[in-house]
Amino acid sequence: TGNSWAGQDCAFHAVKTGIISGANLKSLLKEIDYYLHLSKTYKNANVKNHILKSRETVSLLIDNGEATGIEEKAVFGGSSDKGKNVLEAFFFYHQAFQAYWSGYTDQCRYYSEKHLSVSSQEVRGIRMQVEFYHALN
């Protein structure tokens, strides 16, 4: 046996890295669906919400969610103060990322600013990426 939480955390980081690095989106979507299945099996709501939000982003990038979207959506809220900031930063990051690649400049700027207002050192790498998107818009 192993630590299922650590494995799910690694899955989350693998998905995040795949999105940022430009992995094949259809392959990444299959990988995300597998991780989503595991998150339901192991009942880790935080990882499940992170993976659902990542899945929404990949689906949007593939076909605007038309054929690849699912009904289940991530739910962010009800966490501790520190955990809430991390979840909010993650949510705003994905909203900014989606808006940037969809061509919505104002939305990208709005969510970038929201992300930068709640992000911390824990999300330093993502923060730099958001600052880059914010500067482009």
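Which residues does Leu36 touch, not counting residues up to four places away in sequence? The legends below take up this question and others on a model that is predicted.

**View 1. Leu36 and its neighbours in the predicted model.** Leu36 lies in helix H2, and, leaving aside residues up to four places away in sequence, Leu36 touches Lys48, Ile51, Leu52, Arg55 and Ile70. Among these neighbours is Ile51, which is 15 residues from Leu36 in sequence, while the two C-alpha atoms are 6.4 Å apart in space. Leu36 counts as buried because its relative accessibility is 5%, and buried means under 20% relative accessible area.

**View 2. Helices H2 and H3 side by side.** Helix H2 covers residues 25–42 and helix H3 covers residues 45–63, and their axes come within 10 Å and cross at roughly 160 degrees. This crossing angle makes H2 roughly antiparallel to H3, since angles over 145 degrees count as roughly antiparallel. The crossing of the two helices, H2 and H3, is left-handed.

View 3. On the H2 side, the residues in contact are Leu25, Lys26, Leu28, Leu29, Ile32, Asp33, Tyr35, Leu36, Ser39 and Lys40. On the H3 side, they are Val47, Lys48, Ile51, Leu52, Ser54, Arg55, Val58, Leu61 and Ile62. By class, this contact of H2 with H3 has 12 nonpolar, two polar and five charged residues. Leu36, the residue of the opening view, is one of the H2 residues listed here.

View 4. Asn64 is found in the loop between H3 and H4, where its phi is near 60 degrees, a positive value in a residue other than glycine. As background to this view, most residues other than glycine have a negative phi.

**View 5. Two glutamines of helix H4.** Gln95 lies in helix H4, which covers residues 81–102, and Gln98 lies in helix H4 as well. Gln95 is buried, with a relative accessible area of 15%, and Gln98 is buried, with a relative accessible area of 7%. Not counting residues up to four places away in sequence, Gln95 touches Lys53, Glu56 and Tyr111, whereas, with such residues again left out, Gln98 touches Lys53, Glu56, Thr57 and Leu60.

View 6. Tyr111 lies in helix H5, which covers residues 105–118, and, not counting residues up to four places away in sequence, Tyr111 touches Phe92, Gln95 and Ala96. Tyr111 and Phe92 are 19 residues apart in sequence, and their C-alpha atoms are 5.3 Å apart in space. Gln98 and Tyr111 are 13 residues apart in sequence, and from C-alpha to C-alpha they are 9.8 Å apart in space.

**View 7. The whole protein, as a setting for the close-ups.** The secondary structure of the protein comes to six helices and zero strands, and from the N terminus on the elements run α-α-α-α-α-α. Of the 137 residues of the protein, 35% count as buried, and Leu36, Gln95 and Gln98 are examples of buried residues. The protein exposes about 8,000 Å², with carbon and sulfur atoms supplying 52% of that area. Among contacts between residues at least 6 apart in sequence, 56% join residues at least 24 apart.

Notes
Residues numbered from 1 in each chain as written. Predicted model: local features only at pLDDT ≥ 70, side-chain atom pairs only at ≥ 80, totals over all residues. Heavy atoms only, no water. Axes fitted to C-alpha atoms, helices over the stretch in contact; angles between N-to-C directions. Helix = DSSP H or I, 4+ residues; strand = E, 2+ residues; numbered from the N terminus. Parallel < 35°, antiparallel > 145°, perpendicular 65-115°, else oblique. Left-handed = near helix turned anticlockwise from the far one by under 90°. Contact = heavy atoms within 4.5 Å. Nonpolar A, V, L, I, M, F, W, Y, C, P; charged D, E, K, R; others polar. Buried < 20%, exposed > 50% of the residue type's maximum accessible area, 1.4 Å probe, protein only. Areas by Shrake-Rupley, 256 points an atom, 1.4 Å probe, with all protein chains shown as cover.
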